[in-house]
Amino acid sequence: MKKQLLGLLLFTGLLSAQTDSRLYAIIDGVSAERIAKDIKTLADFGTRNTFSDTVSNTRGIGAARRFIKAEFDKTSKSCNNCLEVFYQKDLVTPKDGDRIPKEAYVVNVVAIQRGTKYPNRYIIMSGDIDSRNSDTMDYKNDSPGANDNASGMAGTMEAARVLSKYSFENSIVYLGLSGEEQGLFGGKGVAEYAKANNWEIIGVLNNDMIGNIEGDDGVIDNRTFRIFSEPTPVTETEKERNQRRFYGGEVDGISRQLARYIYKTVTTYMPEMNPMMVYRLDRFGRGGHHRPFNDLGYAGVRIMEAHENYNRQHQNNRVENGIKYGDVIEGVNFDYAKKLTAVNAIVLASMGWSPMPPKNVAIGGAVAPSTILKWEISDDNDIAGYKIYWRLTTAAHWENSRFVGNVNTFTLSGIVIDNYNFGVATVYKNGHESVVVFPSSVIRSTAK
Ligand SMILES: [Zn+2]
């Protein structure tokens with residue numbers, strides 16, 4: 001009897017070790033009301049076109065960015081100044097692109113919650129400050145941009161409020177970007193700033209339109225959302241490209257692993273949601289602010305609603321043939337924006353509490369009935385060990401895993417290398433894991 005009870009206790013102990021109750025508290029902490037209030041405030045600035053008024057306190061992008069900065073400052077005040085809040089800006093002129101009507105500063109708002117252990121490792125959540133109407137060059141007339149992209153901006157501000165009550169090993173950045181509609185200038189500015197300051201970016205979660213549940217096709221869905229990720233980094237070398245032909249990795253780039261991490265975290269902690277992995281950089285021929293980070297070799301994805309409503313995007317507010325056009329607040333579902341904000345918040349928290357991914361992961365096992373993996377062991381005392389993941393080559397998500405302890409190599413007996421994709425993650429004693437790392441080199445077989 002006693003033995004049974006002990007067994008049961010051990011069993012439940014193991015089960016609870018798999019999830020972190022703080023993440024449920026974070027989900028519950030996200031407020032639809034605060035998100036609604038911020039979206040309304042942003043939409044009420046009339047236009048947030050990147051080239052709109054910067055002097056007024058009631059209209060234009062200047063008022064919008066000052067409001068966003070003030071909100072981050074307020075959040076920081078209530079957490080004993082846990083955020084470093086500042087503007088990052090770059091000048092653009094009409095020479096920089098055909099959607100630039102005049103010279104102006106593209107001003108981004110940056111809020112950093114500094115990591116206690118790895119202050120130079122960053123996880124970024126971004127939304128956009130700017131908006132547009134039918135004519136991108138029209139910086140005078142209304143473009144409320146309630147869903148595109150006050151929703152992503154409000155979600156980012158709300159995530160900061162919720163997560164500022166915790167402290168994390170890695171740094172978290174809450175980012176408001178400008179110049180998106182004019183050519184992704186704000187993201188480019190911060191990505192270059194990060195590179196110049198040697199930021200080690202774990203991943204970028206770019207939120208662009210997270211509040212619409214009513215598709216142009218009439219579908220109403222408040223549970224599905226999309227995670228866009230490019231297959232492999234655009235910065236890879238010719239040699240790396242050639243190696244893929246023989247060793248695989250066509251769908252295993254760093255942004256894709258980040259997307260899988262989001263998928264896994266959401267299906268674990270918010271099983272009511274339907275994350276939809278989309279195996280492409282962005283929507284067909286369209287862009288978003290994760291791309292400038294991808295361009296510099298950083299992992300980054302776009303998180304957004306599953307069903308877009310094109311009458312409510314990039315349209316002047318009007319009624320035509322009985323159809324209402326315009327990106328107004330009535331088109332935003334605050335509960336859905338809250339859910340997608342919670343999706344971001346738990347991923348930021350889990351990554352914030354996670355170890356460094358393993359370095360120099362190598363794989364071998366050709367013409368053998370087993371697969372061997374090797375990696376560099378870390379001296380971080382909080383590491384419990386390493387976990388090997390594998391899946392069929394046609395599978396979208398990691399299907400199998402095995403925790404192998406605090407070792408730097410392991411052989412999976414009976415698992416034939418030809419039939420699966422493999423990866424390795426680092427596991428902290430707190431249960432949180434790094435992103436899975438796909439092997440970057442091959443262990444030459446000495447046998448046979
Ligand atoms: Zn847009």
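## Basis of the model

Residues are numbered from 1 along each chain as its sequence is written. Because the model is predicted, local features need pLDDT of at least 70 and side-chain atom pairs count only at pLDDT 80 or more, while totals for chains, interfaces and linings use all residues.

## Two domains

The protein chain is divided into domain 1 (19-352) and domain 2 (359-442), with bounds that come from an automatic or database domain assignment. The centres of the two domains, taken over C-alpha atoms, are separated by 31 Å. Their contact takes 13 residues from domain 1 and 11 residues from domain 2, where two residues are in contact if their C-beta atoms, placed from the backbone, lie within 7 Å.

On the side of domain 1 that touches domain 2, helix α8 (residues 254-269) gives the largest share, five residues. Helices (H or I, at least four residues) and strands (E, at least two) are DSSP runs, numbered from the N terminus. The residues on this side of domain 1 divide into five nonpolar, five polar and three charged; here Ala, Val, Leu, Ile, Met, Phe, Trp, Tyr, Cys and Pro count as nonpolar, Asp, Glu, Lys and Arg as charged, and the others, Gly among them, as polar.

## A helix pair

Helix α3 (residues 32-43) packs with helix α5 (residues 146-163) at an angle of about 135°, and their axes are 8 Å apart. These axes are lines fitted to C-alpha atoms, for helices over the stretch in contact, and angles run from 0 to 180 degrees between N-to-C directions. Among the residues making the contact are Ile35, Ile39 and Leu42 of α3 and Ala150, Met153 and Met157 of α5. By class, the contact of α3 with α5 has nine nonpolar, two polar and four charged residues.

## Strand pairing

Strand β13 (residues 383-392) pairs in the antiparallel sense with strand β16 (residues 420-428) over nine bridges, and two strands pair if DSSP finds at least two bridges between them. Within this pairing, Trp390 has Phe422 of β16 as its bridge partner. Strand β14 (residues 400-405) also runs antiparallel to β13, joined by five bridges, and Phe403 in β14 is the bridge partner of Lys387.

Strand β12 (residues 370-376) pairs with β15 in the antiparallel sense over five bridges, and Leu373 stands opposite Phe410 in β15.
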